Amino acid sequence: MSVENLINHPEWLLVVLAPIFFLCILLEYFLGIRKNKLPENAQYKLPEVLCNFSLAGLHQVTDLLAGLLIAQLYLNVFGFRLFDIEMTAWTFILLLVAQDFCYYWFHRASHRIRWMWAAHVVHHSSENMNFTTAFRQSLMYPVAGMWVFWLPLVIIGFDPKWVVFTVLLSLGYQFFVHTQMVGKLGWLEWIMNTPSHHRVHHGVNPQYIDKNYAGVFIIWDKMFGTFEPEQETVRYGITKPVNSFNPITVSFVEWRDMIVDASQKNLSMIQRLKVLMKPPK
Ligand SMILES: [Zn+2]
Ligand SMILES: [Zn+2]
């Protein structure tokens, strides 16, 4: 598939990258199970791997369906753009950086606003960390409002298909940071989100909670005070374990808990709204 085709149909990008993802998975599986070279919580356990793949499938289907609506919305908003931005090598680099900035705030909001955490928690509820953890995604992201965070780029004047392409390129990159096979990467640790930085992000060690929101570049965490280097061995998971490998339970458990909390008797509308907007416990 040519690059031009990919820009016009960015939804194919992750499919094009799939063979590389599966090679990485095979290598990690081999090193972990066959050679016993990885820690216990990096090894592939069938119920969880099946759950992770099912979550990826559910996410892909709903993302494609919601994507049709969101693409239409982006096109409508693009009609009111502030500038006409021609895509050159320089504006593409600018878009990559601007997209990553938007991703940082999307990700930070996903941890600090319970309505958004209800979707994002799916990605964090595993107590293991390997490449298949990257596939744990929520089918509820369109409801949580992920698409809002890239609207500013469309309003500024970046073509929506390029915006979606860079969002998916960033998600493709982020597959590679979900592993315990790779240690620290020297000078790259200063600029890029790396496996080491992202292991911290998945940690429940108190100093690691709500740290390293980076997508591609770690610079935003350093600028906005959310950076934490990997020092202590990471314990993976969340403070409220989900204890299930059923993809439907995993996808909806926090939505259910949140709705139960917001529907308690004797709460005012403002208090109910606060339940949805405050940080999760
Ligand atoms: Zn996160
Ligand atoms: Zn992750």
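This is a predicted model: local features need pLDDT of at least 70, side-chain atom pairs count only at pLDDT 80 or more; totals for chains, interfaces and linings use all residues.
Author: Local features here need pLDDT of at least 70 and side-chain atom pairs pLDDT 80 or more, while totals for chains, interfaces and linings use all residues. Residues are numbered from 1 along each chain as its sequence is written, chains are lettered from A and ligands numbered from 1 in the order in which they are written, and side-chain values use heavy atoms, without hydrogens and water.

Reader: Why is the contact between R81 and D84 called a salt bridge?

Author: The term requires a side-chain nitrogen of Lys or Arg within 4 Å of a carboxyl oxygen of Asp or Glu. For R81 and D84 the N to O distance is 2.8 Å, so the pair qualifies. By this rule the count comes to 9 salt bridges.

Reader: What makes R81 partly exposed and D84 exposed?

Author: Buried means under 20% relative accessible area, exposed over 50%, and partly exposed in between, with a 1.4 Å probe and protein chains only. R81 has 31%, so R81 is partly exposed. D84 has 65%, so D84 is exposed.

Reader: Which parts of the chain does the salt bridge between R199 and E230 tie together?

Author: R199 lies in helix α10 (residues 195-201), and E230 in the loop between α11 (219-223) and α12. Helices are DSSP runs of H or I with at least four residues, strands are runs of E with at least two, and both are numbered from the N terminus. The closest N and O atoms of R199 and E230 are 2.8 Å apart, and the two residues are 31 residues apart in sequence. Both R199 and E230 are buried.

Reader: How do you know which residues coordinate the zinc ion (ligand 2)?

Author: Donors are N, O and S atoms within 2.8 Å of the metal, or 3.2 Å for Na, K and Ca; water is not among the atoms, so sites may look incomplete. The NE2 atoms of H123, H178, H198 and H202 are at 2.0 to 2.1 Å from the zinc ion (ligand 2).

Reader: Why is the arrangement of the 4 donor atoms called irregular?

Author: Four donors are tetrahedral if all angles lie between 85 and 135 degrees; four are square planar, and six octahedral, if opposite donors are over 155 degrees apart and all others between 65 and 115; anything else is irregular. Around the zinc ion (ligand 2) the angles run from 93 to 158 degrees, which makes the arrangement irregular.

Reader: What makes H178 and H198 buried?

Author: H178 has 3% relative accessibility, so H178 counts as buried. H198 has 1%, so H198 is buried as well.
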